[in-house]
Amino acid sequence: MTNIELKEGVTIAPFIEDVVKEVARRHPDWILSSLAVEEARKFTVFHKADTLNPLGHINEDYKYVRGERCRLFTIDNWRITQMRQRGSHIQTSKPKEALKAVEKYFYPLTNQEYTERAFKEAHHLVQRETADTRHTLDRSIRALHQPMMAFAHKHWDEFVSMLSGDERTEALSLLQHQQLANAARALYKEIDDKKCLTVYLTNGKYTVQQGEVLQDYESDTLPEHIKTKVGLLKLVENKQVIPEVGVRVDNLYVVRP
């Protein structure tokens, strides 16, 4: 049939051949096109007067039922997708049901449907563009963060004087937040590199490990810089991190050297 378009040497898959040929016979003003380079199992259907907007698709698919592979016709287009609450297409193993779905749903979009489809596509495109531009912006901010902060620090008083209200309050606390963030990164790296001291408290005695070296201390012999940091961690809740000092997990104290 002249309205079935296939690449040279390609044949139609036997399962959908009769349905494809019957649709082509009933609708000589339609084009059934497949891009398959071997056996054609997927066809896009166009009206000859509009080859930009498909009427729909006729595909061969399959699913497993009780361990057996069952071949199916898959009929879909934009109209079917909007109509169905579950799934985006119609599937059936019966050729008559497949033909019935094609006859019922394959016709040009109404003006209202076309407008609705175009609006949804526009919404999706703008959503994607919003995500892409936000990603680009975030990447630029990350790349320029250090020089921007260096410039801001150099002119910090001038910068803060330009602000008011909540912005000024945030700016005044920004340096402290940055110091905490830097300290947290440093603490993480020291733990990761196993450079921190671990202090285990049991029965009033302290076992201190740094690298491969273990040493036991009484409370009065514990080095002062370790005692100070352990003391600070005892004052806060268990598992709370103090970036400049360390973290306590039950009776184990991980402190910066």
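Student: Hi! Is Trp156 buried or exposed?
Tutor: Trp156 counts as buried, at 11% relative accessibility (buried means under 20% relative accessible area, exposed over 50%, partly exposed in between, with a 1.4 Å probe and protein chains only). This is a predicted model, where local features need pLDDT of at least 70, side-chain atom pairs count only at pLDDT 80 or more, and totals for chains, interfaces and linings use all residues. Residues are numbered from 1 along each chain as its sequence is written, and side-chain values use heavy atoms, leaving out hydrogens and water.

Student: And what about Phe159?
Tutor: Phe159 is partly exposed, at 35%. Trp156 and Phe159 are 3 residues apart in helix α5 (residues 156-161), about one helical turn. Helices here are DSSP runs of H or I, at least four residues, numbered from the N terminus.

Student: How many aromatic pairs are there?
Tutor: The count is 4 aromatic pairs. Rings of Phe, Tyr and Trp (its six-membered ring) pair if their centres lie within 6.5 Å; planes under 30 degrees apart are stacked, over 60 edge-to-face, the rest tilted. Tyr62 and Tyr64 have ring centres 5.9 Å apart and planes at 90°, so that pair is edge-to-face. For Trp156 and Phe159 the centres are 5.4 Å apart and the planes at 45°, so the pair is tilted.

Student: New topic: which residues of α1 are buried?
Tutor: Ile16, Val19, Val20, Val23 and Ala24 are the buried residues of α1. Seen down the axis, they fall within an arc of 135° (taken from the directions from the helix axis to the C-beta atoms), so they line one face of the helix.

Student: Which exposed residues are on the face turned away?
Tutor: Pro14, Asp18 and Arg25.

Key. Helices (H or I, at least four residues) and strands (E, at least two) are DSSP runs, numbered from the N terminus.
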